[in-house]
Amino acid sequence: MREDKDIRVLIGDDHRIVREGLKQVLGDLANGAPEMVVAGEAQTGAEVLDRVAALGGPEGLDVVLLDIALPGRDGLDVLQALRKQWPALPVLMLSTYPEKQYAVRCIKLGAAGYLHKSADPDDMVGAVRKVAAGGRYVSPATAEALAAAVGSAAGQGADALSHREHQVFRLLTAGQTVSEIGARLGLAPNTVSTYRARILEKTGTKNDVELALYAERHAKGTPSG
């Protein structure tokens, strides 16, 4: 166990400008965060896992700041792998996606919190401190999303999608083709088409245009009926 009191953070994000911004926020004396040290950076999901292993998991790290939209193996896959191999290591998910879309799913997969990239620097520092101390960070927007999930009918719409279906759902609504999704996720096009058919059925949509409109309503919390 380390004797220093620094909070050692690994940043997993594929955009250098974002990583530099996060390092500035975490190391800014004006934010009262001089004890935070960026111990490593990674641009892909595979690199995140490699860096965590090289640093000894929770022996060398206190928090992983993890983007959802990583190239190759996405952040949700990486989150599951981290929780399986190093369950004591807190993972704070970062995203540009609204809390209503991803916060509940991330927390169900074991994330210690969900933070939007537009968050105030003070909130980000507070979130890192809280999860490093063993707590959970729940923003007001995330708390609202959690309450809505508890109050809604289970097993309906996007909430009924499996992890892999949700990955395909996100990429389809981002405008990617079946072939592009297959290449990104390492799946055969026929397999992606099967997932697409299940997604359309579960969301009650007939094509990709309707699915994109559904995703927009889902993000805003608007009923699909």
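The model is a predicted one, in which local features need pLDDT of at least 70, side-chain atom pairs count only at pLDDT 80 or more, and totals for chains, interfaces and linings use all residues. Residues are numbered from 1 along each chain as its sequence is written, and side-chain values use heavy atoms, with hydrogens and water left out.

Helix α3 itself spans residues 75-85, and its buried residues are G75, L76, D77, V78, L79, A81 and L82. Here, buried means under 20% relative accessible area, exposed over 50% and partly exposed in between (1.4 Å probe, protein chains only). Helices (H or I, at least four residues) and strands (E, at least two) are DSSP runs, numbered from the N terminus.

Turning to the rings, a search of the whole structure gives two aromatic pairs. Rings of Phe, Tyr and Trp (its six-membered ring) pair if their centres lie within 6.5 Å; planes under 30 degrees apart count as stacked, over 60 as edge-to-face and the rest as tilted. Y97 and Y102 form a tilted pair, 4.7 Å centre to centre with 40° between the planes. Y97 is partly exposed at 22% relative accessibility, whereas Y102 is buried at 2%.

F169 and Y214 form an edge-to-face pair, because their planes lie at 75°, with ring centres 6.4 Å apart. Since F169 belongs to helix α7 and Y214 to helix α10 (residues 208-220), this pair ties together parts 45 residues apart in sequence. F169 is buried, with a relative accessible area of 3%, and Y214 is buried at 6%.
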